[in-house]
Amino acid sequence: MSVEQAAGVEGQALEVWIDQDLCTGDGICAQYAPEVFELDIDGLAYVKGADDELLQAQGATTPVPLPLLTDVVDSAKECPGDCIHVRRVSDKVEVFGPDAE
């Protein structure tokens with residue numbers, strides 16, 4: 001079973017955001033998905049926009065590219081700070097991360 005099937009998100013647009021208040025700065029997310037996550041000079045992880053620019057606004061989201069979904073989900077699962085949230089764009093329901101049902 002794929003990650004998409006397991007979460008019931010197959011074919012749905014997803015977005016990801018990081019709660020910097022909980023980020024431990026381990027950089028695991030940037031190791032799994034450097035196209036989506038990056039550590040800034042403050043030692044915290046942020047999501048990146050389409051132009052590779054760090055999105056530093058509180059609660060900033062970026063789309064999850066389908067080819068990177070497994071890497072983003074693994075980042076959320078392995079994050080020691082439990083600060084990575086992946087949710088459906090359509091209804092803002094978290095499907096991976098600390099608040100996922």
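**Figure 1. The loop between E3 and E4, where Asp-52 is placed.** Asp-52 is found in the loop that links strand E3 to strand E4 of this predicted model. These two strands form a hairpin, with five residues between them. In the turn of this hairpin, Asp-52 takes a positive phi of about 70°, although Asp-52 is not a glycine. Most residues other than glycine have a negative phi. Strand E3, residues 45-48, pairs with E4 in the antiparallel sense through two bridges. Val-47 has Leu-55 as its bridge partner in E4.

**Figure 2. The open sheet of three strands.** The strands follow the order E2-E3-E4, and their pairing is antiparallel. Strand E2 (37-39) and strand E4 (54-55) are the edges, and each has a single partner strand, so one side of each has no neighbour in the sheet. Strands of a sheet pair through backbone hydrogen bonds, either parallel or antiparallel. E2 and E3 run antiparallel and are joined by three bridges. Across this pair, Leu-39 stands opposite Ala-45 in E3. The hairpin of E2 and E3 has five residues between the strands, and Gly-43 there takes a positive phi near 85°.

**Figure 3. The open sheet of four strands.** The order of this sheet is E5-E1-E6-E7, again with antiparallel pairing. Strand E5 (62-63) and strand E7 (94-96) are the edge strands, each pairing on one side only. Strand E6, residues 84-88, is joined to E7 by two bridges in the antiparallel sense. Within this pairing, the bridge partner of Arg-87 in E7 is Glu-94.

**Figure 4. Lys-92 in the loop between E6 and E7.** The loop that holds Lys-92 lies between strands E6 and E7. Phi of Lys-92 is near 60°, a positive value in a residue other than glycine.

**Figure 5. Cys-23 and its contacts.** Cys-23 belongs to the loop between strand E1 (14-18) and helix H2 (28-32). With a relative accessible area of 14%, Cys-23 counts as buried, because buried means under 20%. Beyond its neighbours within four places in sequence, Cys-23 is in contact with Leu-44, Ala-45 and Cys-83. The C-alpha atom of Cys-23 is separated by 22 Å from that of Ala-50, a residue 27 places away along the chain.

**Figure 6. The largest cavity and its lining.** The model holds one cavity of 30 Å³ or more, and the largest cavity has a volume of about 60 Å³. Its lining includes Cys-23, Thr-24, Gly-25, Asp-26, Gly-27, Ile-28 and Cys-29. Ala-45, Cys-79, Pro-80, Cys-83 and Ile-84 also line the largest cavity. By type, the lining residues divide into eight nonpolar, three polar and one charged. Cys-23, described above as buried, is among these lining residues.

**Figure 7. Ser-75 in helix H3.** Helix H3 spans residues 69-78 and contains Ser-75. Ser-75 has a relative accessibility of 1% and so counts as buried. Residues up to four places away in sequence aside, Ser-75 touches Cys-29, Tyr-32, Ala-33, Phe-37 and Ile-84. Of these contacts, Cys-29 and Ile-84 are also listed in the lining of the largest cavity.

**Figure 8. Confidence of the predicted model.** The mean pLDDT of the protein is 91, and 90% of its residues reach 70 or more. Among the elements of the protein, E3 has the highest mean pLDDT, at 98. Helix H1, residues 3-7, has the lowest, at 53. Where pLDDT is low, the predicted coordinates should not be read in detail.

Methods:
Residues numbered from 1 in each chain as written. Predicted model: local features only at pLDDT ≥ 70, side-chain atom pairs only at ≥ 80, totals over all residues. Heavy atoms only, no water. 1 Å grid on protein atoms, 1.4 Å probe; cavity = no way out; pocket = protein on both sides within 12 Å on 5 of 7 lines; lining within 4 Å. Points joined across faces, edges and corners; volume = space filled by probe spheres on them. Nonpolar A, V, L, I, M, F, W, Y, C, P; charged D, E, K, R; others polar. Pairing = 2+ DSSP bridges. pLDDT = per-residue confidence, 0-100. Buried < 20%, exposed > 50% of the residue type's maximum accessible area, 1.4 Å probe, protein only. Contact = heavy atoms within 4.5 Å.
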